[in-house]
Amino acid sequence: MRRGEIYRTRERVPERGAKPGFYVVVSRTFVAEHEDVSTVICGPIYGAVLGLSTEVVLGPEDGLPRTCAIRCDFLTLMFKSKLTHFVSTLSTFKLAQLNRALAHALEIPPR
């Protein structure tokens, strides 16, 4: 598991309308790869695109079934064991967009 990878859950998630969901790993790779750490921070991916500066729009070119968005305002801690189906890895361009959206969501000022 690495930062920027997209996974789907097998289990139904109550917060997602009792449906499985897609998530992108936002924890640093050191944490994501470390076998003694059982959780990672993830950005949930939602089917509706709201046009927020804290979203990253994804689509079929990113391995997802349709246009959707990572919502960085709703980061969540996930057990790695729940991220069961690898989907794809964000491109360098999308990872840069994710970094900007995360900085905005967390109110980290630009350097």
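1. Glu55 and Arg71 form a salt bridge, with their closest N and O atoms 3.2 Å apart. Glu55 lies in strand S4 (residues 55–58) and Arg71 in strand S5, so the pair ties together parts that are 16 residues apart in sequence. Both Glu55 and Arg71 are buried. Note that this is a predicted model.

2. The salt-bridge count is three. Another of them joins the side chains of Lys94 and Asp62, at 3.7 Å from N to O. Lys94 belongs to helix H2 (residues 92–105) and Asp62 to the loop between S4 and S5, so this contact ties together parts 32 residues apart in sequence. Lys94 and Asp62 are buried.

3. Glu33 and Arg2 also meet through their side chains in a salt bridge, at 2.4 Å from N to O. Glu33 is in helix H1 (residues 29–33), while Arg2 is in the segment before strand S1 (5–9); the two are 31 residues apart. Glu33 is partly exposed, with a relative accessible area of 46%. Arg2 is partly exposed too, at 41%.

4. Strand S3 (residues 39–46) has six of its eight residues buried, so the rest of the structure largely encloses it.

5. Now the partners of S3. Strand S2 (residues 22–25) runs antiparallel to S3 and is joined to it by four bridges. Here Tyr23 stands opposite Pro44. Strand S6 (residues 76–79) also pairs with S3 in the antiparallel sense, over four bridges. In that pairing Val40 faces Met78.

6. S3 is joined to strand S5 (residues 68–71) by two bridges, again antiparallel. Tyr46 stands opposite Ala69 in S5.

Note on methods:
Residues are numbered from 1 along each chain as its sequence is written. This is a predicted model: local features need pLDDT of at least 70, side-chain atom pairs count only at pLDDT 80 or more; totals for chains, interfaces and linings use all residues. Side-chain values use heavy atoms; hydrogens and water are left out. Buried means under 20% relative accessible area, exposed over 50%, partly exposed in between (1.4 Å probe, protein chains only). Two strands pair if DSSP finds at least two bridges between them. A salt bridge is a side-chain nitrogen of Lys or Arg within 4 Å of a carboxyl oxygen of Asp or Glu.
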